[in-house]
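Dear colleague,

I am passing this structure on to you, together with some notes on what turned up in it. Please have the sequence and the model open while you read.

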Amino acid sequence: MLAGIIDHLWQSIAFAAIVFGVAYLTRRNSAALRLWLWRIAALKWLLPFGLLYALGRWLGFPVRHSAIPPPATLTEWVSTGLSIATPAFAFDFKPLGAALALALLGFATAGCLWAIVRQLKAAQWLRDEEVARMEADFNFQARPLNFWQSLLLASGTLLTVSLPVVAGATRDRQWRQEILAIDQQALVTAKIAMKEAPEGIGVLSRITANNDGVMIHNINIKDLVSMVYGIDQFEVFGGAMPWLSFPRYDVSVTGPVHQPAVFDPYSLRQPVTNYLYAQFGVSIRVNGACQKPCKDFESFVIERLRHCPRPLGRNACDT
């Protein structure tokens, strides 16, 4: 909590300094512009950048596959930027240091707010004078922004809003990958059990996770492979094999799950591959590479061995 307050005050002071600079560059332009600049600078003290950061984490970082990391350059920039924008979180302040930083930022905040209030009053007075001149002289018009001023204002606004969102999304992707790596390691030897799902419950699948394992309800082999490999259902094929789509199963996975709320089924790739091969004689290929264990001479992306060790539903070993 204290670290969040320190970072918010620091960010608000830095934002106010930027507004001072922009207001100085536009001092010969419309007073209405500077009035709104000071209003935004004042409102910033009530709206922390943490809200935009949280929005970025909620939106997430767009990747084709959950195992794909964000670009290394972007990750480095985000780490550097956060160390400057959120020093209290980046550097673990001791209680005495945090109290001293909070006191210094408190004095700086008081000075900034006093200056902003004065600038608001001055900008409001100039705006009223400008409106009076416009009413008295129909041809009077305040000086508009030139190209470079407009570019500066637009780019500054875009960066101010987008950078916290991008930082939040990047950090969320890194966090999810860390959890994925932990779950992958913990679930390599997970115990899996499959039984046929009751008939007449439709074709929708559902996955639930808790600290002790994962339950996948009403899923067929094709959709199971699609889920644990993180690919689209139409990317899984194996010739004219009806057992890919029927019957449907309830799959129980017993093993430790680090963060059930954000569990990624890709963590189950290896144990499911092992189980399908050992129990049903199903081997899987991805981009021509055989996923061990498998039979190297087969050519299907997902295939059934000629003599399966265990029946798949009602039609045992049919191909």
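**What was found**

L46 lies in the loop between α2 (31–43) and α3 (50–59), and, in this predicted model, L46 is exposed, with a relative accessible area of 67%. Together with L43, L47 and L51, L46 forms a nonpolar patch on the surface, and the accessible area of these residues together is about 440 Å².

Helix α4 (residues 72–85) has 14 residues, which at 1.5 Å a residue should span 20 Å, and this agrees with its end C-alpha atoms, which are 20 Å apart. Within α4, T75, V78 and L82 are buried; they cover an arc of only 60° around the axis, so they sit on the same side of α4. The cover over the buried residues of α4 includes α3, α5 (87–90) and α7 (147–186), whereas A72, E76, W77 and I84, on the other side of α4, are exposed.

The whole structure holds 4 salt bridges, among them one between the side chains of E130 and R127 (3.0 Å, N to O). Because E130 and R127 are 3 residues apart in helix α6 (residues 95–136), about one helical turn separates them; E130 is buried at 9% relative accessibility, while R127 is partly exposed at 25%.

Another salt bridge joins the side chains of D223 and R248 (3.6 Å, N to O). This pair links distant parts of the chain, 25 residues apart, with D223 in helix α8 (residues 221–229) and R248 in the loop between α8 and β4 (249–254). D223 is buried, with a relative accessible area of 13%, and R248 also counts as buried, at 13%.

Technical notes: Residues numbered from 1 in each chain as written. Predicted model: local features only at pLDDT ≥ 70, side-chain atom pairs only at ≥ 80, totals over all residues. Heavy atoms only, no water. Patch = residues over 30% accessible without salt bridge, like charges linked within 9 Å, V, L, I, M, F, W, Y side chains within 5 Å. Areas by Shrake-Rupley, 256 points an atom, 1.4 Å probe, with all protein chains shown as cover. Helix = DSSP H or I, 4+ residues; strand = E, 2+ residues; numbered from the N terminus. Buried < 20%, exposed > 50% of the residue type's maximum accessible area, 1.4 Å probe, protein only. Expected span 1.5 Å × (residues − 1). Arc of directions from axis to C-beta. Contact = heavy atoms within 4.5 Å.
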